[in-house]
Amino acid sequence: MNLPLLVSNPRSSYLASKEAIDQATLDFYNNPYYVLGDYVSDFEARFAGYIGVPHAVGVANGTDAITLALMALNIQPGDEIITVSHTAVATVVGIERAGAVPVLVDVDPDSKTIDVTKIPSMITARTKAIIAVHLYGQPADLDTLRSICSENDLFLIEDCAQSHGATYHGQKTGTFGDLATFSFYPTKNLGAIGDGGAVVTSSPELNEKLRMLRQYGWKTPQYSLLSGMNSRLDGLQAAILTVKLAKLDSDIARRQHIASTYTAHLANLPVVTPKTIQNTTHAYHLYVIELESQDTRDQLMSHLKAAHIFAGIHYPFGVHEQPAYDQKLRCSDMTHTNRLTKTILSLPMYPELSDQEVKYVCDYVSSFF
Ligand SMILES: *Cc1c(COP(=O)(O)O)cnc(C)c1O
């Protein structure tokens, strides 16, 4: 066993493909284009193929991906974008960087994704888009989101930073909105050895615009048609991601297997395990349980720590509770978000965890009770 056990372990992912990654990086040093060369376009084509969309545009990280998606949709200062408070703060940062105003909604207690029943009362004349976060790898209620968006003339963006490979009615997340954004931060289901991200779309116009926006608004070299930024996917990361993409499906299958082992072992304990949501497959970026109180959660966390198991909290604060945002954002009621931040716990979850290590975690969760 490899103690300590962490929530995620990017280094174990490198070691699992060490030879191929080492070779790919050495090959990269000898290619003539270090920025936006063949390695980036080759990865973009493969990633688009994996998701099932015509276009993927490699960008610097998942936060920029959100900003660029909103810029491509012509979002203007003061436009309102509805998303959740129970997410990585990056979702909200990406909205603000585009000059737009985040409006936050609570999550559904079963799926932990946006509570669609709380969206309609938050829509105003200024609302332009909804960003659905497929949190932990669980797809949001995309059918309802699509009808809310079409009835109210809103764009739908999927934040897929945690849901590479998750499906909804058999189709991958990232194919349902006008645009979808991905992060390749090292801990994600598809992780680089550094930062990376992508925006995917089936629209040729949005694809072309995103390619301009990520590089100074250039239509052709040295000729800016749009006000853009510098947010390119690094070539070396693209070379590494191409190696890892080939393993993504088997990695996700392993995550799902680990999740079902956890769920089976924890079934008779006073913990809530992830709910199965009809017509979706969960990609298990994170395996998150709920405890009955904050005290129980914190005590279990310490009990695990004593056994060298470092559980995590995703997330300990809703965005609406954080000092940068608590006074200024319009929010729905946050009943579930406010409870979850105090009672959730993320157990170790990465494909390289051995069966023995998974059992070790289960045994220590059991011994707490
Ligand atoms: C990781 C993450 C992001 C941001 O990705 P970065 O690559 O770290 O900028 C955005 N949204 C969610 C839900 C995330 O988990």
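Trainee: How far does a backbone N or O atom of Gly62 lie from an oxygen atom of the ligand?

Mentor: The model is predicted, and the distance is computed from its atoms. Gly62 is among the residues that come nearest to the ligand. Between its backbone N or O atom and an oxygen atom of the ligand, the distance is 2.7 Å.

Trainee: Which residue places an N or O atom of its side chain 2.5 Å from an oxygen atom of the ligand?

Mentor: The residues that come nearest to the ligand are Gly62, Thr63, Asp159, Ser183 and Lys188. Gly62 uses a backbone atom, whereas the side-chain atom at 2.5 Å belongs to Thr63.

Trainee: What distance separates a polar side-chain atom of Thr91 from a nitrogen atom of the ligand?

Mentor: A polar contact is a pair of N or O atoms within 3.5 Å. The polar side-chain atom of Thr91 and the nitrogen atom of the ligand are separated by 3.4 Å.

Trainee: How much of the ligand's accessible area does the protein cover?

Mentor: On its own, the ligand has 380 Å² of accessible area.

Trainee: Which helices each supply at least two residues of the shell around the ligand?

Mentor: The shell holds 14 residues, divided into five nonpolar, seven polar and two charged. The helices that each supply at least two of the shell residues span 62-72 and 89-97, and these are helix 4 and helix 5.

Trainee: Where does the ligand sit, and which helix gives the largest share of the lining there?

Mentor: The ligand sits in the largest pocket, which holds about 370 Å³ of space. Its lining counts 23 residues, with Ala88, Ser183, Tyr185, Lys188 and Tyr315 nearest the centre. By class, the lining comprises nine nonpolar, 11 polar and three charged residues. The largest share, three residues, comes from helix 4.

Trainee: What is the omega of the cis peptide bond that joins His314 and Tyr315?

Mentor: Tyr315 is one of the lining residues nearest the centre of the largest pocket, and lies in the loop between helix 10 (294-306) and strand 14 (330-331). Another cis bond joins Leu3 and Pro4, with omega about 0°. For His314 and Tyr315, omega is about 15°.

Terms used. Residues are numbered from 1 along each chain as its sequence is written. This is a predicted model: local features need pLDDT of at least 70, side-chain atom pairs count only at pLDDT 80 or more; totals for chains, interfaces and linings use all residues. Side-chain values use heavy atoms; hydrogens and water are left out. A residue is near a molecule or strand if one of its heavy atoms lies within 4 Å of it. A polar contact is a pair of N or O atoms within 3.5 Å; within protein, one must be able to donate a hydrogen and the other to accept it, and residues adjacent in sequence count only if both atoms are side-chain atoms. Accessible areas come from the Shrake-Rupley method with a 1.4 Å probe; for residues, only the protein chains shown count as cover. On a 1 Å grid over the protein atoms alone, a cavity is a set of points where a 1.4 Å probe fits but cannot get out, and a pocket is an open set with protein on both sides within 12 Å along at least five of seven lines; lining residues have an atom within 4 Å of a point. A molecule sits in a cavity or pocket if more than half of its atoms lie within 2 Å of its grid points. Helices (H or I, at least four residues) and strands (E, at least two) are DSSP runs, numbered from the N terminus. Ala, Val, Leu, Ile, Met, Phe, Trp, Tyr, Cys and Pro count as nonpolar, Asp, Glu, Lys and Arg as charged, and the others, Gly among them, as polar. Grid points are joined across faces, edges and corners, and a volume is the space filled by probe spheres set on the points.
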